[in-house]
Amino acid sequence: METRKILSQVGLVLVTLLCWLYGFHLYTEANRPLQDRSLGFSVSNTLARPSLDHIPVLDDSNDGILTFIHASDIHISKYVPQGGLIHFLHFLHTAVPLISPRLVTITGDLTDGKDQQKLISLQQIDEWKAYERALDSSGVKDRFNGTFYRDQRGNHDCFNVFASDSVDNYFNTYSAAKEVGGYYLEIKESFGSYAFVASDGCPRHGFARPLNFFGYLDAQGMQLLEGRLTRARTANHTFLLNHYPVSTMLYGRYNQTFAELAKGVSVFLCGHLHQLVGGIGAQLQAYKVKEGYWELEIGDMKEHALYRVYAVDHDLVSFVDVTLPVGRLPMPNPMMLDATVEPIPHPPVVLVTNPKDARYLLPQHEPLAIMRHSTHIRALVWADSTAKVEMKIDGVVHPHPAVYRGKQTTDARGDSVKTPLWVAPWDPAQYDDGHVHELEVTAVDDGGRSTTVRVPFHFSLDPVPLDNGSRGGWIMRQSFPDIFRVSGLISYLLMAVFLVIIPRMYFVALAEPRAWMAARTLAHHKDEARVRHLWALLRGNTNPLALAKLGLALLGEQTKFLVSTQFTAQVYFASLPAFFYPAYFFTMALAALPLFTGLLIPSAGPLGVGSVYAYGVFIAGEWAPLLDSWTYALASISALMVLLVYLPVAAAPPALFYSPYGATGRPWYRGVAVRLAVAVYCIMYLGLPTLMTVYTYGFPSIVLGYSRAWLFAAAAVALYVLDWRPSAAQHVYVQVPSGVRQEE
């Protein structure tokens with residue numbers, strides 16, 4: 001008998017270790033595309049900044065200014081009768097002519113790419129044609145020899161696109177860039193050069209939603225990014241553009257990590273998160289101190305009609321967010337993809353460039369000292385008609401009136417850039433006192449439309465803290481790849497070790513399981529009696545000090561009782577082969593088998609069949625280290641963990657935990673409420689996701705859905721047999737120690 005026990009324990013350990021070793025092998029293979037494929041040398045990406053031996057003076061000159069616009073997430077849809085296209089058309093026909101910048105850049109999600117029910121994702125050619133018509137009608141693609149308007153892909157633009165050369169990749173045909181992989185654009189002016197580097201974080205294989213939220217750059221993508229950033233080393237500023245924020249990206253490496261490459265970046269521009277929900281993403285911005293760049297996500301054009309105007313004034317980078325004046329948001333669009341617009345009145349757009357907003361300083365990239373030596377306040381004011389500009393500092397009207405010093409430059413092709421500069425003399429020494437001051441600029445056009453902006457400023461090199469933790473700053477500072485991987489690994493190991501392996505090994509090691517169970521039962525009854533006694537004392541006491549002491553004692557005894565009874569239930573559950581071995585199978589399956597297999601890219605036919613593991617997606621003979629798979633795994637782990645906590649308690653008869661006296665005192669509805677809560681949890685975290693998976697990825701995801709469909713089916717059967725049947729079904733499987741009375 002002892003030999004059999006030893007063999008049983010050794011076998012359990014060996015099988016577990018083999019599953020985990022194979023899981024580690026899968027993890028290594030899934031992340032191999034991210035690994036360093038270095039050629040054996042490293043290229044420094046430290047910016048070679050122009051010499052500041054001659055410090056420029058911020059006076060009333062209108063030279064030294066570069067402007068550009070950033071927008072994102074248009075989501076042109078053939079099924080949504082509001083926002084999207086109508087906002088984009090007003091942007092092209094009203095905002096772009098008003099600002100008339102040197103560059104307009106769009107960071108992805110040009111089209112929506114979904115069906116009418118918004119469940120299945122596919123590239124809609126009508127949406128792409130509408131996007132192309134919008135660009136053609138505004139003429140933005142032809143300005144500045146094709147360098148005025150630049151776009152790139154977002155996750156919606158690669159939904160259900162097997163590869164970059166697939167016929168379904170309409171980005172190659174209907175976009176302005178016409179090729180995936182991002183771009184490199186360097187704008188050279190008489191006062192400096194400015195590099196715009198766009199990276200394409202879309203997966204190499206564009207999976208159908210919902211398996212397409214996070215992005216990544218594998219080693220090849222990092223090689224391309226590294227080469228572009230190396231070219232940008234001598235630029236005054238480098239602006240890195242990507243659809244996905246850094247926190248939702250998984251970066252590999254070529255010669256350098258992303259953190260090393262980012263030290264040469266001034267601003268990281270992105271979209272994707274749409275301000276999230278409930279205001280938690282209203283200000284998705286963060287200063288990355290170690291790398292020295294600002295990450296600035298822009299809200300969507302789709303529903304919020306937002307765009308952002310940037311100005312680089314003598315290498316001081318400033319920006320302002322603007323909402324299109326379309327009235328109700330999102331704006332109704334009854335004409336859908338056939339919509340056309342005329343220019344509409346636009347309130348003045350005001351962007352202060354000196355003094356710079358103290359919240360967004362770039363100490364490693366900007367010549368901040370020039371603010372101390374400036375002679376004029378500088379602000380750009382774009383307006384439909386002649387504007388009146390008033391300035392205040394700390395609430396006091398500035399003694400010197402603002403004067404227009406703007407210009408409009410036109411090249412040989414007739415392409416123009418507006419620089420509507422307003423200046424006012426000032427003495428910065430008056431405000432160089434170590435305190436934060438506020439500049440207020442109000443612009444009013446001839447139509448009476450006004451805009452007021454307030455800019456905090458000081459002359460320190462340290463940015464004023466941006467108090468946006470509850471509005472998106474926390475999200476932008478996180479590394480969700482690390483969060484999901486670590487939380488997934490820890491939760492899985494805790495579940496496997498403490499809910500499955502240890503209880504089983506403990507049960508096998510018991511010399512007399514019945515005697516042990518009887519002793520545990522008596523101990524639980526005593527613990528329960530102490531808890532009931534403390535509850536009685538608590539209800540009959542009015543002394544605050546005594547209540548506090550009794551409350552702490554009750555908390556300790558209740559915790560002890562719950563932990564002790566849960567361990568007993570886990571050991572008891574481990575003694576039931578009909579339930580333990582399926583539970584063990586699903587636990588090991590999470591580590592070694594696919595969560596499910598299905599038609600992940602329906603447009604590709606059989607080539608689109610892939611397997612989703614916890615560590616990534618295996619498709620077409622290669623791995624995609626997609627972070628979405630970790631979220632799927634976490635959902636399965638959490639569901640299985642709840643089941644492994646609840647099912648042992650449901651399997652064990654109440655007499656193991658409660659004395660007859662205690663059992664009669666429990667209200668009947670408590671058990672009903674608990675059963676209902678568990679049922680709802682399983683439906684939400686297993687049932688509905690399984691239905692969504694089948695609807696999206698086809699019938700194979702049921703047949704081969706080990707940690708989705710199979711787990712849901714097994715959970716339903718186990719819950720029915722052990723907990724939901726009217727009869728006390730557990731008595732068929734459970735042998736209660738003699739001398740212990742069962743409570744029906």
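Tutor: Let us begin with a strand pair: β25 (residues 609-612) and β26 (residues 617-619) pair in the antiparallel sense over 3 bridges. This is a predicted model, in which local features need pLDDT of at least 70, side-chain atom pairs count only at pLDDT 80 or more, and totals for chains, interfaces and linings use all residues. Residues are numbered from 1 along each chain as its sequence is written, and side-chain values use heavy atoms, with hydrogens and water left out.

Student: Why are β24 and β27 said to stand at the edges?

Tutor: The open sheet runs in the order β24-β25-β26-β27, with antiparallel pairing. Because β24 (596-599) and β27 (622-624) each have a single partner strand, one side of each is left without a neighbour in the sheet.

Student: How do you know that the span of helix α10 agrees with expectation?

Tutor: The expected span is 1.5 Å times one less than the number of residues; for the 31 residues of α10 (residues 544-574) this gives 45 Å, and the end C-alpha atoms are 45 Å apart, so the two agree.

Student: Which residues of α10 are called buried?

Tutor: Buried means under 20% relative accessible area (1.4 Å probe, protein chains only), and among the residues of α10 that are buried are Leu550, Leu554 and Phe561.

Notes. Pairing = 2+ DSSP bridges. Helix = DSSP H or I, 4+ residues; strand = E, 2+ residues; numbered from the N terminus. Buried < 20%, exposed > 50% of the residue type's maximum accessible area, 1.4 Å probe, protein only.
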